[in-house]
Amino acid sequence: MSDDLLPKDHRLDEATPQEATITVAPETGFGLHDSEWSEDQWSELIVSFVENGMASWRELAALILGHLNPSQTGTSLASSEGFKRRYGKGNTMRIVMDWAYAQTGQCEDCGSRLELQADHVEGRELFEDPLDADYIENMTLRCRRCNVVRRPSHELGGQTFLTAESALMWILLVIKPRTLMDFIRLCRIYGMTMADIRMQEAWAMAHWLSRNEPPLYGIEDDENTSYDLLLWPTGEITRIDVGADIPNEAERLYQNVRGDHSFVFLAVGDDGRKTLFKYPLSWIAFSTYDLGQMPPYALAVRYTQPDRKNGAPQRITPLAPVGMELSSHVVVAPDEKIMLEIGGTLLGGSRTEAPAATHNGKLLPAKHQKRDVWLDVEPA
Ligand SMILES: [Zn+2]
């Protein structure tokens with residue numbers, strides 16, 4: 001994830017999650033699963049939008065009316081080269097409108113009347129000459145949502161109800177990520193494969209709503225807040241509010257750590273090699289969200305873009321020290337030095353400044369790999 005280049009999150013005039021007491025979306029208990037929402041929950045969401053000034057009934061009505069209008073269902077066909085070639089320019093519009101009037105007016109897949117588009121039954125890609133797909137018996141009506149989720153780029157097609165574009169706002173308003181990083185991670189575990197920039201763009205809504213009066217959203221003020229750090233049995237590291245209750249299986253590794261500090265650790269891989277990692281607190285995922293059937297630490301992951309050229313799907317892999325042995329760890333302030341203690345004092349050990357590390361990890365130099373090494377902090 002290109003998270004080193006993310007824009008600054010919390011700004012002075014913005015509310016924090018604690019200050020934003022109005023929630024514009026119902027509390028659900030379903031986690032990251034919009035497909036399990038009932039009609040009542042969707043209704044609650046929309047009523048809440050109106051009550052909190054996110055949108056007015058008039059605006060919503062205008063949107064729906066616009067999407068009921070089957071604009072382009074006929075003209076898009078009549079203007080296509082394949083139709084003009086087959087039926088002749090003068091006849092196409094009449095043939096197309098005869099076809100349109102004879103339809104049910106509902107999406108072939110889901111029955112929706114909104115945002116209908118003319119779509120091929122047998123896609124153009126199945127024809128040697130793509131324009132041969134353009135004949136009236138080969139057309140059907142499908143809503144834009146169903147059209148989009150059928151595309152190969154929508155990897156969770158069918159598993160979720162919303163398109164990525166809608167889900168961006170649903171995740172933001174319902175799950176309420178506290179940081180942009182967590183928002184991006186939520187989108188990834190939801191199944192979105194688009195570039196980070198789409199989430200950065202959507203995150204503008206968080207900034208706008210957190211400056212609303214009264215605030216309708218809260219963005220974490222990491223630099224001026226402290227956290228407890230948790231270690232989960234499988235090795236995930238997450239943060240929570242100081243003193244918050246934790247599940248039995250989690251271990252409170254550090255208490256009351258300032259958000260401008262970093263968690264630095266050495267982990268040993270299967271091959272016995274030692275890697276140094278540095279996680280700024282503000283980068284560490286929260287385990288405070290309702291993720292439904294997913295574990296609370298589900299955001300402690302890294303995302304790799306799918307490789308469409310080679311047909312490799314997106315990958316979501318757990319962050320270190322998952323799968324490694326956590327051998328030594330410290331918490332450091334921005335002006336403190338991270339030191340490596342090498343070998344025991346009895347054996348003539350030494351002490352040296354640790355190499356610079358990031359969340360991607362840095363292998364310790366070869367000369368340190370075969371010795372006992374642990375971390376220490378030197379005050380500024
Ligand atoms: Zn549909």
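Begin by selecting the zinc ion: its protein donors are Cys 107 (SG), Cys 110 (SG), Cys 143 (SG) and Cys 146 (SG), lying 2.3 Å from it. Donors here are N, O and S atoms within 2.8 Å of the metal (3.2 Å for Na, K and Ca), and because water is not among the atoms, sites may look incomplete. This is a predicted model, in which local features need pLDDT of at least 70 and side-chain atom pairs count only at pLDDT 80 or more, whereas totals for chains, interfaces and linings use all residues. Residues are numbered from 1 along each chain as its sequence is written, and side-chain values use heavy atoms, with hydrogens and water left out.

In the sequence panel, the donor residues follow the spacing C-x2-C-x32-C-x2-C. Cys 107 lies in the loop between H5 and E1 and Cys 143 in strand E2, 36 residues apart, so that this pair links distant parts of the chain. Helices (H or I, at least four residues) and strands (E, at least two) are DSSP runs, numbered from the N terminus. Both Cys 107 and Cys 143 are buried, meaning under 20% relative accessible area; exposed is over 50% and partly exposed in between (1.4 Å probe, protein chains only).

Next, select Asp 109 and Arg 142, whose side chains meet in a salt bridge (3.0 Å, N to O). The term denotes a side-chain nitrogen of Lys or Arg within 4 Å of a carboxyl oxygen of Asp or Glu. Here too distant parts of the chain are linked: Asp 109 belongs to the loop between helix H5 (89–102) and strand E1 (116–120), and Arg 142 to strand E2 (residues 139–143), 33 residues apart. Asp 109 is partly exposed at 42% relative accessibility, while Arg 142 is buried at 5%.

Move to helix H4 (residues 81–87), where Lys 84 and Glu 81 are 3 residues apart, about one helical turn. Their salt bridge has its closest N and O atoms 3.6 Å apart, and Lys 84 is partly exposed, with a relative accessible area of 24%.

Then select Arg 273 and Asp 271, a salt bridge with closest N and O atoms 3.3 Å apart. Arg 273 is partly exposed at 42% relative accessibility; Asp 271 is exposed, at 55%. Finally, select Glu 341, Arg 351, Asp 376 and Glu 378, which salt bridges with shared partners join into one network. Across the whole structure, a search finds 22 salt bridges.
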